[in-house]
Amino acid sequence: MSQENRPPRRRRRRRSTGRAAGFAMLYIVCVIGVSVVLAALCWIAANDVLALNKPEHTATIVLSEDYFSIKKKPQEDGSTQTTYKAKMNKVAKLLEENRLIDSKFLFKTFCSVTDAETKLRPGAYNLNTTMDFRSLVSGMGYNSDSRVIVEVTIPEGYTLAQTFQLLENNGVAGVDDLMHYAANYNYGFSFLQDIPLGDPNRLEGFLFPDTYEFYVNHDPKYVINKLLQNFDAQYTDEMRDQVAKSKYSLRQYLTVASLIERETSGTDRGQIASVIYNRLENPNAAAGTNGYLQIDATLYYLTGKTPTEADKAIDSPYNTYKYPGLPPAPIANPGLASIKAALNPDNTGNYYYALGDNGTHKFFRDYTSMLNWMHTQNLYK
């Protein structure tokens, strides 16, 4: 067959084949690119969730009650059951602003899966970037080791109101909440069972002065309970037996102790206690007193300022110039030394005492002796 009669040879479509190969290569590149991006995003997410490769940073996070939906349900025993549900959007925003997490979305997603909103509680917490999401959630719970602790010293002789204000000033709990629980919560201590609910001052005298450690934004119910537990620990079996055999109740002894605490110069507790009991037991022995204790500290309790002659006319059962015998309840929270003095007063025949210009008390058997001494000290006007 001649070349002229041969059929023409078909050319290969190299262009089409090359185009397909190009598309395939582009697809592979895209897949690899997307995979790399996803891997990078997953790595970034893992770093955030698992707290990997984060720069060291610590922040104090304060979750006030505004960060929670709070429901309170009264219980049959008179207590209140409180449930908290955290507002995770606000919490996540706070953590992000303090550079503890990188992604609010990831944190909220994690919290929704782990039911974290029910695990958080109001408080102040020291958190850092070494904590993964799970640790951050547990670190903002009630029993967390990350809770901020503050040390508070309650001085001897502070009133209930002064004590609660001191606790609020130190960020432990608010005065209003403390007053509410003091008045209405039935604390399970035997020494409180005969004192009716309704008045926060029912706990006056029982809030033992000492140095305590509290959480910032602590539950007020447990703050008060801690003070009462300390009193219960200091109130020994020997003291309980002595009170049980006495004609005075524990609250009356604490009332005497509170008067001592507010009057003492520091070294004369037993002598002041002796004067108080001498007047209580022998109301006609002290000339002109007729059973009145006439203790200025009770007037200060009523007015909060240095007593004046006019204050002696205030019509209140706490006014020991107007009403004979003990006030109806303690006027402060006494320390252990004053409680012991109330239980074991000095044995004296004194019915009077006066404060000298050296800051110490002078004690007397009769009014005339005291008056003469005050004249010599230029104290009588």
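A salt bridge is here a side-chain nitrogen of Lys or Arg within 4 Å of a carboxyl oxygen of Asp or Glu, and by this rule the count comes to seven salt bridges in what is a predicted model.

**View 1. The salt bridge between K247 and E281.** The side chains of K247 and E281 meet with a distance of 2.9 Å from N to O. K247 counts as exposed because its relative accessibility is 63%, which is over the 50% cut-off. E281, with a relative accessible area of 36%, is partly exposed.

**View 2. The salt bridge between K305 and D311.** In this close-up the side chains of K305 and D311 form a salt bridge, at 3.6 Å from N to O. The two partners are set apart by their accessibility: K305 is partly exposed, with a relative accessible area of 42%, while D311 has a relative accessibility of 8% and therefore counts as buried, the limit for that class being under 20%.

**View 3. The salt bridge between E309 and K312.** Here the side chains of E309 and K312 meet in a salt bridge, with 3.3 Å from N to O. E309 counts as exposed at 60% relative accessibility, and K312, at 29% relative accessibility, counts as partly exposed.

**View 4. The network of E156, E261 and R269.** Salt bridges link E156, E261 and R269 in a network.

**View 5. The packing of helix α6 against helix α7.** Two packed helices are described by the angle between their axes and the distance between the axes. For helix α6 (residues 175-184) and helix α7 (residues 220-234), the angle is about 65° and the axes are 9 Å apart, and the crossing in which α6 passes α7 is right-handed. From α6, the residues D177, L178, Y181 and A182 take part in the contact, and they meet P220, K221, V223 and I224 of α7. Sorted by class, this contact of α6 with α7 has six nonpolar residues and two charged residues, with no polar residues; D177 and K221, which take part in the contact, are the charged ones, since Asp and Lys count as charged.

Notes:
Residues numbered from 1 in each chain as written. Predicted model: local features only at pLDDT ≥ 70, side-chain atom pairs only at ≥ 80, totals over all residues. Heavy atoms only, no water. Axes fitted to C-alpha atoms, helices over the stretch in contact; angles between N-to-C directions. Helix = DSSP H or I, 4+ residues; strand = E, 2+ residues; numbered from the N terminus. Left-handed = near helix turned anticlockwise from the far one by under 90°. Contact = heavy atoms within 4.5 Å. Buried < 20%, exposed > 50% of the residue type's maximum accessible area, 1.4 Å probe, protein only.
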